[in-house]
Amino acid sequence: MTNGDTTEPLLAAHQLVKAHGRTPALRGASVELRAGEILAVTGASGSGKSTLLHCLAGIVRPDGGSVTYAGQRLDRLPEKRLSELRRTDFGVVFQFGQLIPELTALDNVALPLMLAGAGRAEARARAAEWLERFGVLGQEDLRPGEMSGGQAQRAALARALVTGPKAVFADEPTGALDSLAGEQVMTALAHTAREAGTAVLLVTHDAQVAAYADREIQLRDGVVAPAEVTA
Amino acid sequence: MSSMSTRHILLGLLASGPSHGYDLKRRHDERFPQARPLAYGQVYTTLQRLVRDGLAEVEGTESDGGPERTAYRTTEEGTRELTRWAAQIAPPAPFVTNEIFAKVVVSILSGGDPAAYLRAQRAAHMARMRELTAVKTAPGADLATVLSADYALNHLDADLRWMTTTAARLTTLTAEVDAA
């Protein structure tokens, strides 16, 4: 770490190893994410960025190394406990496809709240507030296929943030958008995360997207490339 | 920005009506946020040259009890020159002069570590891009600020993409430079 912060990281991966079949994706990657920090993970295609995100978010288990979240070993949690934790503490945004096509934007955003035990009316009211905040109100009764890419992605962002997660994992969140729509999505994500103190792990190949983060790490062949100290 | 551009930008600002040197400087800095602010001395010198070349003339002086201020206005010839300049294309990269590329080559020639240099340069570019992103996404940022930050962000991004490709091809470049 370069900035001398001694507080415990919210999320830490140590020497992660992961292969897809015989192809190694991670070969000893270590990274720390602090509470409220936006961290960009960049690197060429195939450098292991998405695999790193999946391991940190508890979506896949690493073959070796450890993932520690708020003091507990995420890679050793039983599946049931892990999926509960993902629901309460984590939010995810992918390039596309995370909204349920049969549900309206409003119901998509309300769903995580209802899964967490909120009543339908309350969940829908809170979902509407988030859609409004991201400029998607007025389209809340549309299904994802009826919305523009940028609107759908902002709805997906609302869905990731509506439960007040401690950490959000965003994998190429603007990858399918033109630059203006991408800018709106990134501004919404960065402002909300900074306001709420949400940590964000942002995987991107795009330096202009990475510039919304507080710092950057680069993956190269499954490991974190040496960092240059910046002021 | 070259002094030729400063001439034309001042002519452009005068196109909307007579103005004092100080007003021209202030309006320039407002219209072109994030640009290097115009020095007052540069405005004054440029105005005198515009008058000398018949492109602007003195409208009058006033003092309002304070220091004397001279207002300038554009001439017909100045308007014609401005129209001509504004429609003329900017030469697209007539010479490829690139300090980063020069440093990579010099580093190879002198047995340095071009890869380490490129990593450090990338970190500096990213730090500047974070600053510009903060400027353009600050609540209430006006469009001129957003567009000028975008211009710099896109150019820095182009540098970064070039640096990434170059870093991946350093071995070949080193062989080529060393063989020459």
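The backbone nitrogen of Gly138(A) lies 2.6 Å from a polar atom of the side chain of Glu140(A), where a polar contact is a pair of N or O atoms within 3.5 Å, one able to donate a hydrogen and the other to accept it within protein, and residues adjacent in sequence count only if both atoms are side-chain atoms. This is a predicted model, in which local features need pLDDT of at least 70 and side-chain atom pairs count only at pLDDT 80 or more, while totals for chains, interfaces and linings use all residues. Residues are numbered from 1 along each chain as its sequence is written, chains are lettered from A and ligands numbered from 1 in the order in which they are written, and side-chain values use heavy atoms, with hydrogens and water left out.

Glu140(A) lies in the loop between helix 4 (120-133) and helix 5 (149-161) of chain A; helices (H or I, at least four residues) and strands (E, at least two) are DSSP runs numbered from the N terminus. Glu140(A) is buried but has no salt bridge, and the nearest side chain of opposite charge, that of Arg124(A), is 7.9 Å away. Here buried means under 20% relative accessible area, exposed over 50%, and partly exposed in between, with a 1.4 Å probe and protein chains only. A salt bridge requires a side-chain nitrogen of Lys or Arg within 4 Å of a carboxyl oxygen of Asp or Glu, and Lys and Arg count as positive and Asp and Glu as negative, with His and the chain ends not counted. Leaving aside residues up to four places away in sequence, Glu140(A) touches Thr104(A), Ala105(A), Leu106(A) and Leu131(A), contact meaning heavy atoms within 4.5 Å.

Chain A also has an open sheet of 6 strands in the order 6-7-8-3-9-10, with mixed pairing; two strands pair if DSSP finds at least two bridges between them. Strand 6 (90-93) and strand 10 (223-224) of chain A each have a single partner strand, so one side of each is left without a neighbour in the sheet. Strand 6 of chain A pairs with strand 7 (residues 167-171) of chain A in the parallel sense over 4 bridges, and Gly91(A) has Val168(A) in strand 7 as its bridge partner.

At strand 10 of chain A, Val223(A) is partly exposed, with a relative accessible area of 30%. Not counting residues up to four places away in sequence, Val223(A) touches Arg27(A), Gly28(A), Ala29(A) and Gln218(A).
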